[in-house]
Amino acid sequence: MSSLHGTTIIGVRKNNRVTIAGDGQVSLGNTVIKSTARKIRIIASEGFKVISGFAGSTADAFTLIERLEKKLENYPGQLSKACVELAKDWRTDKYLRNLEAMMIVSDGIDLLVITGSGDVLEPENNIAAVGSGGNFALAAAKALYKKNNDPEKIAVEALKIASEICVFTNDNIVYETLEGKKIDK
């Protein structure tokens, strides 16, 4: 879903659980700067947890995560509303408009992609992927989805496959999973 270089993030929703996973590679041009970065974060606000994973500029992504935290404080328990408000700001704010990052977020129920062009997307087929290896991970996860009931195993295996293909993705994988309360969409 993205052409941003330097990482791969994938989100998988299955059996009322959502896993967001990411690799650990940070690249500057064609050079690996770090192989153990953590691009998956848990945001907690008044007992409401959200997983976020980001691809793109690290500083830009941290800025967006902080902004999402503030939106979640304004709209507790309403991930979709908070994401739409963040996307509006991202599209219209002169400073935010220049940020180069994408995020996948989930509260264990909704799985959303937030883009810099002001989009909040709910992916088809319960799988979202962004970053340089996103399309590889997405294809692998689609192939694994029917054969496995565990979103963690699907996400991790898909990232391992992407790391074998994409030079900007490694197999140092970090993931977080949240339980949902709704039946899968």
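Me: What makes the five strands an open sheet, and in which order do they stand?

Reply: The order is β5-β6-β7-β8-β9, with antiparallel pairing. β5 (40-45) and β9 (120-121) stand at the edges with a single partner strand each, so one side of each has no neighbour in the sheet. Strands here are DSSP runs of E of at least two residues, and helices are runs of H or I of at least four, numbered from the N terminus. This is a predicted model: local features need pLDDT of at least 70, side-chain atom pairs count only at pLDDT 80 or more, and totals for chains, interfaces and linings use all residues. Residues are numbered from 1 along each chain as its sequence is written, and side-chain values use heavy atoms, leaving out hydrogens and water.

Me: How do you know that strand β6 pairs with strand β7?

Reply: Two strands pair if DSSP finds at least two bridges between them. Six bridges join β6 (residues 48-56) to β7 (residues 101-106), so the two count as paired. In β7, Val105 is the bridge partner of Ser52.

Me: Why is a set of 20 residues called a nonpolar core?

Reply: The term covers buried Ala, Val, Leu, Ile, Met, Phe, Trp, Tyr and Cys residues joined through side-chain atoms within 4.5 Å. Buried means under 20% relative accessible area (1.4 Å probe, protein chains only). The largest such core has 20 residues, with Leu68 and Met103 among those with the most contacts inside it. Helix α2 gives the most to this core, six residues.

Me: What is Leu68 in contact with, beyond its neighbours within four places in sequence?

Reply: Contact means heavy atoms within 4.5 Å. The partners of Leu68 include Ile43, Leu86 and Val105.

Note on methods. Buried < 20%, exposed > 50% of the residue type's maximum accessible area, 1.4 Å probe, protein only.
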